[in-house]
Amino acid sequence: MRVLLVEDDPMIGEAIQEALKDVSYATDWVKNGQTALNTLACQNYDIILLDLGLPGKDGLEVLNVIRARDNPVPLLIITARDGLDDRIRGLDGGADDYIRKPFEMAELLARMRAVLRRKGGIASPHFTNGIVSLDPATREATVNADAPIQLSNREFALLQALLIRPGAILSRSELEDRIYGWGEEVDSNAIDFLIHALRKKLGGEVIKNVRGVGWMVSKTM
Ligand code: CA
């Protein structure tokens, strides 16, 4: 899961970045609207967290440009403003939800999960392909309805990347892209280690290797 965080306040930005890192969301943090738009032109994200009060282009302008480009990326507005008008303009402008500062990180994470679920058209809070299911709230995986197995942050991030689209093959670099943010050191066999660890926990059949291409989970539903 890759997140674009657009926030000019260093303390709030750092707190959010830490919280997202704790749940292994690859996070790229930018501090103004123009940089956000430049970044979006060359990198895909699973979700955007957008502060409204930004220097230069404000958040609502950034939102308008994103939606005018027909980019449907899930987007959650973060705002300190009390103004009801801004929140309404944000939602009408194509934001999927908003959260008001100050907020608890647990609530931000829950709202992000809810937005992702709604945008993905998924009613259930779990990701599943009918064989393995993943609970993003606890980071536990269940295979064939056996006892839940606790995954590490990165094991979770990798399995989630595959379970978002069962049947799709993700290459090594596509998986790295979902797990590591800017400036995070990526070991050349990090993905192999994670796949190995996941197979040890979940059994060898859950994640399939497509030789020379990448990895996938079966599409069974
Ligand atoms: Ca701000």
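Me: What makes Gly-53 count as buried, partly exposed or exposed?

Reply: A word about the model before I answer. It is a predicted one, where local features need pLDDT of at least 70 and side-chain atom pairs count only at pLDDT 80 or more, while totals for chains, interfaces and linings use all residues. Residues are numbered from 1 along each chain as its sequence is written, and side-chain values use heavy atoms, with hydrogens and water left out. Now the cut-offs: buried is under 20% relative accessible area, exposed is over 50%, and partly exposed is in between (1.4 Å probe, protein chains only). Gly-53 has 33% relative accessibility, so partly exposed is its label.

Me: And how do you know which label Asp-51 gets?

Reply: Its relative accessible area is 3%, so Asp-51 is buried.

Me: What makes Asp-51 and Gly-53 donors of the calcium ion?

Reply: A donor is an N, O or S atom within 2.8 Å of the metal, or 3.2 Å for Na, K and Ca; water isn't among the atoms, so sites may look incomplete. The calcium ion is coordinated by Asp-8 (OD), Asp-51 (OD) and Gly-53 (O), at 2.2 to 2.3 Å. Those distances pass the calcium cut-off, so the three qualify. Along the chain, the donors follow the spacing D-x42-D-x1-G.

Me: Asp-51 is also in strand S3. Why is S3 called largely enclosed?

Reply: Five of the five residues of S3 are buried, so the rest of the structure largely encloses this strand. Strands here are DSSP runs of E with at least two residues, helices are runs of H or I with at least four, and both are numbered from the N terminus. S3 covers residues 47–51. Ile-47, Leu-49 and Asp-51 sit on one side and Ile-48 and Leu-50 on the other, all buried.

Me: How do you know which strands S3 pairs with?

Reply: Two strands pair if DSSP finds at least two bridges between them. Four bridges join S3 to S4, and these two run parallel. S3 also has four bridges to S1, again in the parallel sense. Leu-49 has Leu-76 as its bridge partner in S4, and Asp-51 has Ile-78.

Me: What makes S4 mostly covered?

Reply: S4 spans residues 75–79, and five of its five residues are buried. Leu-75, Ile-77 and Thr-79 point one way, whereas Leu-76 and Ile-78 point the other, and all are buried. S4 pairs with S5 (residues 97–100) too, in the parallel sense over four bridges. There, Leu-76 stands opposite Asp-97.

Me: What makes S1 and S2 a pair?

Reply: S1 (residues 2–6) and S2 have five bridges in the parallel sense, and Val-3 has Thr-27 as its bridge partner in S2. S2 (residues 26–30) has five of its five residues buried, so it too is largely enclosed.

Me: How do you know how domain 1 and domain 2 touch?

Reply: The bounds come from an automatic or database domain assignment, which gives domain 1 (2–119) and domain 2 (127–216). Contact means heavy atoms within 4.5 Å. By that test, 17 residues of domain 1 are in contact with 15 residues of domain 2.
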